Amino acid sequence: MVGFARENMRHMTALTAVTEERHTGGGTDGAWTTWWRWPLAFAFCLLAPWALLTRLGEAEGSGDHGWSLAVMVVAGWCLAGILASGRPVLYATVAWAFTYIFMGAIPVAQILSNQFPTTTPRIAEYMVGPAGQAVAVGVAAMALGMGLSRGRAARSLLTREVAGGRTFALVALTYAFVAYSLSKTGVAPLFESRDALLFARNSAWRDTATVAVMTGASLALPLVSVHALVRLRDQQRARGDRARHGIALTAMTLTLLVTINPISSPRITFGTALLSLAVAFGAFRTKNRTRLMVASIVVGLVVVFPAADAFRRDQAQVTAIDVQSLVTKGDYDAFAQMTNTMLYVDRYGDTDWRQAAGVVTFWVPRSLWPDKPTDTGAYLARFRGYEFRNLSEPLWGEGYINGGWIGLAVVMGGFGYLAGRGDRRILRSARAGRAPGILDAILPFYSVIILRGSLLQATAGLAVLAVTAWAVTRPTSATGR
């Protein structure tokens, strides 16, 4: 697996050799990158694991933390390279940051302390080792997929030109959707709690498929509208025209921040909106800005992510963040769910892609298909007899429960391949002095939702994002290599 990671980092180094001035710098930049990678790697790959082992090594936990420790080291090495280079490989940044924390560091701490999230009790301890091995295999497949993404990058909707008429048609549709949605749920739940807004949506639209689509549209429509207006402004400036539509952009940005706010929106949804806006407004435009944002993403997944759960309930509560609270919080149930996945497949075999069929047909109402598969996190919660069923299921587990070891390799390898191609497009845009395309400014951060799962919960928003981004653009004659 270390070999895969080394090949992946060589590939990312080649990808990031762009000529755009703000991301190349002078001749000393290569030396700076090479020198700084080693202390960063020391911190990620040696110091942090040593701290965990020292702090928790005397606990009465299992000794099956070797695979998770290896995952932590490999992901840390990749993160060190990204941070040192300062290149805007956004998909790789999020993928390796998620892997390092959710599938590496936190599992090591949970296994050593023998403490797992309170939302996933009664972990089958004999499945801890196989779960760690499955995660490691998935990481190797993801790294291989990123490496295989080398080659000719085909033209795609992500490099299409924004059309002014379509953009303002989407803006009008967005305002109409927001007005309709608020007429059904009311305005107050937006500023109460996540539970209050979810209850209001479930009361307004009884069918779960409809709720999923409406929830996805509440993010996709205003977010894509903002990005389309930014791209339209940039296109006007590139042609030498006076940039217009500033009032429209300001109004839509405010609309987005009201409808997707930290009080009533899921943390990852709000984070996706915020970070993608940072891309649109230049936060990744230089090497130092990129380094700062990458560091912020890593810190945010450890500190901000659990703390931002304060508004889930009607009574906001902020709790202290320490190792004890991190290993037992339901926010970090990914590895525990991997053990449940391994236990399910051990007992019943994989689902022969039945769970994936539910993902593909997310838009089909349950009134038409009563036996349509539920999201995998809830499915496993019922299997284990848990009362709390709003659980995640990492992409690793989705692959394994659908197709066993082959499914795991295919799903994680496919994700790595698509992530690598996405970063090629972003770097190609940087080389041309352009901001990333609409979806490439959003999907790297939305991929946290995909990686954490369940996949069914992420699909509706992903589909609406893709359709709306396609709708506001038109083909250009540019091709990429």
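Which residues is histidine 65 in contact with, leaving aside its neighbours within four places in sequence? In this predicted model, the residues in contact with histidine 65 are Leu53, Val108, Ile111 and Leu112. Histidine 65 itself lies in the loop between helix H2 (28–56) and helix H3 (66–85). With a relative accessibility of 17%, histidine 65 counts as buried, because buried means under 20% relative accessible area.

## Overall architecture

The chain contains 18 helices and two strands. It has 481 residues, of which 57% count as buried.

## Packing of H8 against H18

Two packed helices are described by the angle between their axes and the distance between the axes. For helix H8 (residues 208–238) and helix H18 (residues 455–471), the axes come within 8 Å and cross at roughly 40°. The crossing of H8 and H18 is right-handed.

On the H8 side, the contact is made by Ala212, Val213, Gly216, Ala217, Ala220, Leu221 and Val224. These residues meet Ala460, Gly461, Val464, Leu465, Thr468 and Ala469 in H18. By class, the contact of H8 with H18 has ten nonpolar and three polar residues, and no charged residues.

## Packing of H6 against H9

Helix H6 (164–185) packs with helix H9 (residues 246–259) at an angle of about 35°, and the two axes are 12 Å apart. The crossing of H6 and H9 is left-handed.

From H6, the residues Phe168, Val171, Thr174, Tyr175 and Val178 take part in the contact. Their partners in H9 are Ala248, Ala251, Met252, Thr255 and Thr259. The residues of the contact of H6 with H9 divide into seven nonpolar, three polar and no charged.

## The buried face of H7

Helix H7 (residues 194–204) has as its buried residues Arg194, Ala196, Leu197, Ala200 and Arg201. Seen down the axis of H7, these buried residues fall within an arc of 165°, so they line one face of the helix. An α-helix has 3.6 residues a turn, so residues three or four places apart point the same way.

What covers the buried residues of H7? The cover includes H6, H8 and helix H10 (267–280).

## Isoleucine 297 in H11

Isoleucine 297 has its place in helix H11 (residues 287–307). At 9% relative accessibility, isoleucine 297 counts as buried. Not counting residues up to four places away in sequence, isoleucine 297 touches Thr93, Ala97, Leu275 and Phe445. One of these, leucine 275, is 22 residues from isoleucine 297 in sequence, and their C-alpha atoms are 9.0 Å apart in space.

## Cysteines

A disulfide is a covalent bond between the sulfur atoms of two cysteines. A search of the whole structure finds zero disulfides. Cysteine 45 is in no disulfide, and its nearest cysteine sulfur, that of cysteine 78, is 8.5 Å away.

## Backbone details in the loops

At 34% relative accessibility, asparagine 114 counts as partly exposed. Tryptophan 353 is partly exposed, with a relative accessible area of 36%.

Where is serine 454? Serine 454 lies in the loop between helix H17 (438–452) and H18. The peptide bond from glycine 453 to serine 454 is cis, with omega near 0°.

Technical notes: Residues are numbered from 1 along each chain as its sequence is written. This is a predicted model: local features need pLDDT of at least 70, side-chain atom pairs count only at pLDDT 80 or more; totals for chains, interfaces and linings use all residues. Side-chain values use heavy atoms; hydrogens and water are left out. Axes are lines fitted to C-alpha atoms, for helices over the stretch in contact, and angles run from 0 to 180 degrees between N-to-C directions. Helices (H or I, at least four residues) and strands (E, at least two) are DSSP runs, numbered from the N terminus. A crossing is left-handed if the near helix is turned anticlockwise from the far one by less than a right angle, and right-handed if clockwise. Contact means heavy atoms within 4.5 Å. Ala, Val, Leu, Ile, Met, Phe, Trp, Tyr, Cys and Pro count as nonpolar, Asp, Glu, Lys and Arg as charged, and the others, Gly among them, as polar. A disulfide is a pair of cysteine sulfur atoms within 2.5 Å. Buried means under 20% relative accessible area, exposed over 50%, partly exposed in between (1.4 Å probe, protein chains only). The arc is that of the directions from the helix axis to the C-beta atoms.
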